[in-house]
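Please look over the sequence and the model before reading on.

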Amino acid sequence: MLILVLGGTATYTVSGQLFFGTTSHFVHAFNYDGDPEQVIIGFTHSHVWDQSAAGAIAKTISRYDALGKKVKVTGLNEESTRLVNRIGLALSGGHL
């Protein structure tokens with residue numbers, strides 16, 4: 001994952017596959033406390049495969065929300081968007 005911090009925005013670029021086997025690494029790759037108030041997570045170079053992956057995205061957003069930071073998810077391909085919309089990003093439970 002690449003990160004670029006400019007001004008008040010941190011932009012993370014996710015690449016590769018996001019599925020149950022990569023979710024823990026994904027959730028722990030962010031600098032929750034150190035990032036500025038705006039965070040963009042770009043999935044242009046990635047694919048979201050399953051409920052665990054959607055849960056990892058939700059957990060990441062939830063952690064930022066708890067710190068009063070805003071997250072924007074961008075670049076999901078059509079299939080990933082359908083999966084995330086079907087499952088929703090409101091679920092943040094799990095063991096991550």
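Which unit do β3, helix α2 and β4 make? In this predicted model, the three elements make a right-handed β-α-β unit.

## The β-α-β unit

Strand β3 covers residues 38–48 and strand β4 covers residues 70–74. The two strands pair in the parallel sense, over 5 bridges. Within this pairing, Gln38 stands opposite Lys70 in β4.

Helix α2, which spans residues 51–66, belongs to the unit together with β3 and β4. The helix lies across β2, β3 and β4, and its direction is at about 170 degrees to that of β3.

## The sheet

The sheet is open and is formed by 4 strands in the order β1-β2-β3-β4, with mixed pairing. At its edges are β1 (2–6) and β4, each of which pairs on one side only. From one strand to the next, the twist averages 20 degrees.

Strands of a sheet pair through backbone hydrogen bonds, in either a parallel or an antiparallel manner. For β2 and β3 the sense is parallel, and their pairing extends over 9 bridges. Here Ser15 stands opposite His45 in β3.

In soluble globular proteins, nonpolar side chains tend to be buried together. The largest nonpolar core of this model has 19 residues, and those that touch the most other members are Leu18, Phe26, Phe30, Ile41, Phe43, Val48 and Ile57. At least two residues of this core come from each of β2 (9–18), α1 (23–28), β3, α2 and α3 (78–87). Helix α2 gives the most, with 5 residues.

When its neighbours within four places in sequence are left aside, Phe30 is in contact with Met1, Tyr12, Ile41, Thr60 and Tyr64.

## The salt bridge

The structure holds 1 salt bridge. In a salt bridge, the side chains of Arg82 and Glu78 meet at 2.9 Å, N to O. Both residues lie in helix α3, 4 residues apart, which is about one turn of the helix.

How exposed are the two partners? Arg82 has 48% relative accessibility and therefore counts as partly exposed. Glu78 counts as exposed, because its relative accessibility is 63%, and the cut-off for exposed is over 50%.

Technical notes
Residues numbered from 1 in each chain as written. Predicted model: local features only at pLDDT ≥ 70, side-chain atom pairs only at ≥ 80, totals over all residues. Heavy atoms only, no water. Pairing = 2+ DSSP bridges. Right-handed = clockwise from strand over helix to strand, strands pointing away. Core = buried A, V, L, I, M, F, W, Y, C linked by side-chain atoms within 4.5 Å. Buried < 20%, exposed > 50% of the residue type's maximum accessible area, 1.4 Å probe, protein only. Contact = heavy atoms within 4.5 Å. Axes fitted to C-alpha atoms, helices over the stretch in contact; angles between N-to-C directions. Salt bridge = Lys/Arg side-chain N within 4 Å of Asp/Glu carboxyl O.
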